[in-house]
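Subject: Structure handover

Hello,

Here is the structure for you to take over. My notes on what turned up follow below it.

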Amino acid sequence: MSTLELENVSKQFGAVSALEPLALRIADGELVCLLGPSGSGKSTLLRIIGGFEMPTGGKVLIDGADVARTPPEKRPTAMVFQSHALWGHMTVEGNVGFGLKLRGLKKPGIAAKVDAALSLVGLTDYGKRHPAQLSGGQRQRVAIARCLVLEPKILLMDEPFASLDQHLRDRLREEVRQIQKKLGITTVFVTHGQDEALSIADRIVVMSMGRIEQVGTPAEIYTHPETPFVAGFIGDMNMMKTTIESGAAMIGGVRLDAPVADGEALVAVRPEDVTLIPTPNGEGARVRRIVNYGAVLKIEAEAADGAVWRVQTLKDVPVTEGAFYRPTVSRHIVFRDDRVVHRVDPV
């Protein structure tokens, strides 16, 4: 298996900086998700790793060897594209074995490797079919098999399930994770879906405006975001501007600890870290909306000062639309100048 290391990789498109110089190391057998909104640079970075874009500067090291100027067909990588990119005139076997044919392997060797790859993705009996005879999920499995049959050191996946429905996307995601673990193949997976990254990755690289905002495990990224962008981009978050005075901030009737210098700040609170306690006499925050998601309720409650608390709670917690509650907060983060200056976690 293999490691991947990026050293000061950057990319300019004319006067536009698509990637600021960045560094990243991916360990042997690790699955890392590049996560960010459109235009964040994640797909550009993946294409640089695969050789489909040349970096303006920096090194792309696979097992210590710089491949930054090596064409894609000569790199020990393989790319699964969102569009499948299958040849319609070829059978499934032909599509999967095409790369091996280009490498000069003999027919018996190609057939054995193709059979093994199709078995790995659950398509043992589909080799004689053409892509038009397959579902979207099956076509994507063929695309994955076509990459795996080449036995790459690094597997690259560019939003491979974006065109599929939610149920199929979830199922294929789990299948890919199982295959990746079984083979121990180092994988870089691009997505703009937070749930996808949180569920599949060993580590997540959150990107914005051509920069890396934070690298960490899913738990670290979700629980301890290091910048306001990460806090607001990953999951639901109450992001509230406030003024700190005497070591505290008052937001929506709630006093939050903030033992930092007085001045403006940004406070972040997860909806599940807010509890609503019933209050008499119309005090506190008024519940203006309740949405039932089956397992949980998502609630909006407006305080007297206009602050709106978004709250997530279990479905059996009694909350009434129009009633008043006192919000309490178990965990919060204080940001200033785009960095964490104070954090409170539950004891």
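β7, helix α5 (residues 166–183) and β8 form a β-α-β unit, and the unit is right-handed. Keep in mind that this is a predicted model. The two strands of the unit are β7 at residues 154–158 and β8 at residues 186–191. They pair in the parallel sense, over five bridges. Leu 155 stands opposite Thr 187 in β8. Asp 158 has Val 190 of β8 as its bridge partner.

On its other partner, β6, strand β7 is again parallel, and four bridges join the two. Here Val 80 is the one to look at: its bridge partner in β7 is Met 157.

How much of β7 is buried? Five of its five residues are, so the strand is mostly covered. The side chains split into two sets. Ile 154, Leu 156 and Asp 158 point one way. Leu 155 and Met 157 point the other way. Both sets are buried, Asp 158 included.

Next, the helices around it.

The crossing is right-handed. On the α4 side, the contact is made by Gly 137, Gln 140, Arg 141, Ile 144 and Leu 148. On the α5 side, the residues are Leu 168, Arg 171, Leu 172, Glu 175, Val 176, Ile 179 and Leu 183. The spacing in these lists is worth a glance with helix geometry in mind. An α-helix has 3.6 residues a turn, so residues three or four places apart point the same way.

Then α2, residues 92–102. Which of its residues are buried? They are Val 92, Asn 95, Val 96, Gly 97 and Leu 100. Their cover includes α3 (107–120) and α4. Just after α2 comes Gly 104, with a positive phi of about 90 degrees.

How do α2 and α3 pack? Their axes are 9 Å apart, at an angle of about 125 degrees. The two helices are therefore oblique to each other. α2 passes α3 in a right-handed crossing. From α2, the residues that meet α3 are Val 92, Glu 93, Val 96, Gly 97, Leu 100 and Lys 101. They meet Ile 110, Lys 113, Val 114, Ala 117 and Leu 118 in α3.

Last, another sheet. Five strands form it, in the order β15-β19-β16-β17-β18. This one is open too, and its pairing is antiparallel. The edge strands are β15 (274–278) and β18 (308–314), with pairing on one side only for each. Neighbouring strands are turned by 40 degrees against each other on average, direction ignored.

Six bridges pair β16 with β17 (residues 296–302) in the antiparallel sense. Val 287 stands opposite Ala 301 in β17. Ile 290 has Ile 299 of β17 as its bridge partner. The two strands make a hairpin with three residues between them, and Gly 294 there takes a positive phi near 90 degrees.

To β19 (residues 324–329), β16 is joined by two bridges, and these strands also run antiparallel. There, Ala 285 stands opposite Tyr 325.

Over to you.

Best wishes

Key
Residues are numbered from 1 along each chain as its sequence is written. This is a predicted model: local features need pLDDT of at least 70, side-chain atom pairs count only at pLDDT 80 or more; totals for chains, interfaces and linings use all residues. Side-chain values use heavy atoms; hydrogens and water are left out. Two strands pair if DSSP finds at least two bridges between them. Buried means under 20% relative accessible area, exposed over 50%, partly exposed in between (1.4 Å probe, protein chains only). A crossover is right-handed if, with the strands pointing away from the viewer, the path from the first strand over the helix to the second runs clockwise. Contact means heavy atoms within 4.5 Å. Axes are lines fitted to C-alpha atoms, for helices over the stretch in contact, and angles run from 0 to 180 degrees between N-to-C directions. Angles under 35 degrees count as roughly parallel, over 145 as roughly antiparallel, 65 to 115 as roughly perpendicular and the rest as oblique. A crossing is left-handed if the near helix is turned anticlockwise from the far one by less than a right angle, and right-handed if clockwise.
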